[in-house]
Amino acid sequence: MAENPAVPLDPIDEPIDVATLTANELRAAHTLFGRALHRRPATDDGWPWTERAYAPGRTFGVHVDGALAGTATSFPTRTAVPGGAALPTAAVTRVGVRADRTRRGLLSAMMRHQLADAAARGEVLATLRASETRIYGRFGYGVASRGRTVRVRARGAGWRAGAPAGGTVRLLDPDEVVGTLAALHDRLALRRPGGMTRPDGWWSVQLGRRLAEREHVQVAVHSGADGDDGFAVWTITESGTGFGQNTARVEDLHAADTGAVAGLWRFLLGLDLLVDVEGWLRPLDEPLELLLADPRDCATTAVADETWLRLVDVAAALDARAYGAADPVLLAVHDAVLPSNGGLYRISPDGVARLDGDPDGGAPSHPEPHLECDVAALSMAYLGDRTPSELAATGWWRVHDAAAPDRADALFRTAGSPWCGTFF
Ligand SMILES: CC(C)(COP(=O)(O)OP(=O)(O)OC[C@H]1O[C@@H](n2cnc3c(N)ncnc32)[C@H](O)[C@@H]1OP(=O)(O)O)[C@@H](O)C(=O)NCCC(=O)NCCS
């Protein structure tokens, strides 16, 4: 496919320096980011809600000719990894470069600076959601969880006999939404690999502002035998003319177990005046087809990348996750952006040991690796989204011992699909 016509680049003849922006510069940074995404700036009423989502001291900018030309920020969170550990993570967001300054290395400078900053803070992982898939691989990010878009017919055949019915469901008033959901999400988020905690600023910008502006966001909480154990947030769009031609768009749904999943979806599908219910970036293993009387009432309309994960501290990240039973593998990891991660790792059910030898350092490593990959391709297996053998078969990992992919599959195996469920 042809690339876009080349635009002559007006060279930047000053060093690209990345600065930490002050609180007074955040609104300009937000406006720049919004413009880069073709969005309008925050209104005066909206800005105080958005401002809370900027964690202090974590927003960077590059100035060119005295004007802000690029920005990136992050907020601190924790990510659940296989085995249940929750690792300190930089959640990278609001990345943008002014349209007349792109392709001169501003993003590259900010990404390098931001990863060094995360490492200095002791953050083991960095995570982001990518506007385009071509941007972040070069900085060591890889797709570590995916989600599916589903459309479920609300007037379909209904629930399969014998499927769990779930418990009770209650609607929340707008003024109780953020407090109730934040507490519930804290209890639910880290139950599966890929889950992340949400700081107050996330709730402020994602729900608080919209509820204050009287947007028609609806929220229900599910209660099972042990109390509240799930919630759903949805909006309604008219999908046709006349009453009853509506689509409920689920933007947030977290549940402790299959009973709570069933209870919430059953409630949504039972709402009056609906044609269908759509969910976006749902877990790949959410068992909707197994709950419905006619599995074809649930159509998967897309599968997309969700978590782009970066192992900032490879040794700590590998050491923190659990491994299945198998003989050890020796994995050589390459990391062009954070070279101290490059090395040979012995991975076994008893833990991870870093062996001497840097595969990027010139000197041969002893012993020889069984498998070899870039740090971005390691992310793809880290939470369990992809198996080492499929990554080896497709060239993401290189194989030096033909038996090693099977052993690595057993070591990295997880129950269920990784999933985060938090967009930012
Ligand atoms: C994506 C964006 C931040 C890139 O900034 P940038 O300063 O142009 O990036 P850089 O100049 O550092 O590019 C580094 C490399 O990535 C490539 N690249 C960067 N963005 C790219 C894109 N969107 N598509 C294809 N390649 C891209 C560059 O060509 C360059 O490659 P090279 O090293 O081989 O020359 C900028 O284009 C932007 O603001 N886009 C719109 C907003 C957006 O999508 N933000 C990200 C939100 S997740």
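Colleague: Is His 38 buried or exposed?

Modeller: The model is predicted: local features need pLDDT of at least 70, side-chain atom pairs count only at pLDDT 80 or more, and totals for chains, interfaces and linings use all residues. Residues are numbered from 1 along each chain as its sequence is written, and side-chain values use heavy atoms, leaving out hydrogens and water. Buried means under 20% relative accessible area and exposed over 50%, with partly exposed in between (1.4 Å probe, protein chains only). The relative accessible area of His 38 is 75%, so His 38 is exposed.

Colleague: What is the phi of His 38?

Modeller: His 38 is in the loop between α1 (26-36) and α2 (47-51); helices (H or I, at least four residues) and strands (E, at least two) are DSSP runs, numbered from the N terminus. Most residues other than glycine have a negative phi. His 38 is not a glycine, yet its phi is positive, at about 65°.

Colleague: Where is Asp 65, another residue with a positive phi?

Modeller: Asp 65 is not a glycine either, and its phi is near 50°. Asp 65 is exposed, at 62% relative accessibility. Its place is in the loop between β2 (60-64) and β3.

Colleague: How many aromatic pairs does a search of the whole structure find?

Modeller: Rings of Phe, Tyr and Trp (its six-membered ring) pair if their centres lie within 6.5 Å; planes under 30 degrees apart count as stacked, over 60 as edge-to-face and the rest as tilted. With that criterion, the number of aromatic pairs is eight.

Colleague: Why is the pair of Phe 75 and Phe 424 classed as it is?

Modeller: The pair links distant parts of the chain, with Phe 75 in strand β3 (residues 67-80) and Phe 424 in the segment after α11 (404-412), 349 residues apart. Phe 75 is buried at 5% relative accessible area, and Phe 424 is buried at 13%. The ring centres are 5.5 Å apart and the planes stand at 75°, so the class is edge-to-face.

Colleague: What is the angle between the ring planes of Tyr 136 and Tyr 141?

Modeller: Tyr 136 is buried at 6% relative accessibility, and Tyr 141 is buried at 1%. Their ring centres are 5.9 Å apart, and the pair is edge-to-face because the planes are at 70°.

Colleague: Which residue has its charged end over the ring of Trp 202?

Modeller: A charge sits over a ring if NZ of Lys or CZ of Arg is within 6 Å of the ring centre and within 35 degrees of the ring normal. Arg 52 lies over the face of Trp 49 in this way, 4.7 Å from the ring centre. For Trp 202 the distance from the ring centre is 3.9 Å, and the residue is Arg 198.

Colleague: What distance separates the centres of domain 2 and domain 3?

Modeller: Domain bounds come from an automatic or database domain assignment, which gives domain 1 (18-140), domain 2 (147-305) and domain 3 (314-412). Taken over C-alpha atoms, the separation of the centres of domain 2 and domain 3 is 37 Å.

Colleague: Which backbone nitrogen does the side chain of His 222 reach?

Modeller: His 222 is in strand β8 (residues 218-224) and is buried, with a relative accessible area of 1%. Contact means heavy atoms within 4.5 Å; leaving out residues up to four places away in sequence, His 222 touches residues including Gly 166, Thr 168 and Asp 228. A polar contact is a pair of N or O atoms within 3.5 Å; within protein, one must be able to donate a hydrogen and the other to accept it, and residues adjacent in sequence count only if both atoms are side-chain atoms. At 2.7 Å, the backbone nitrogen reached is that of Gly 167.
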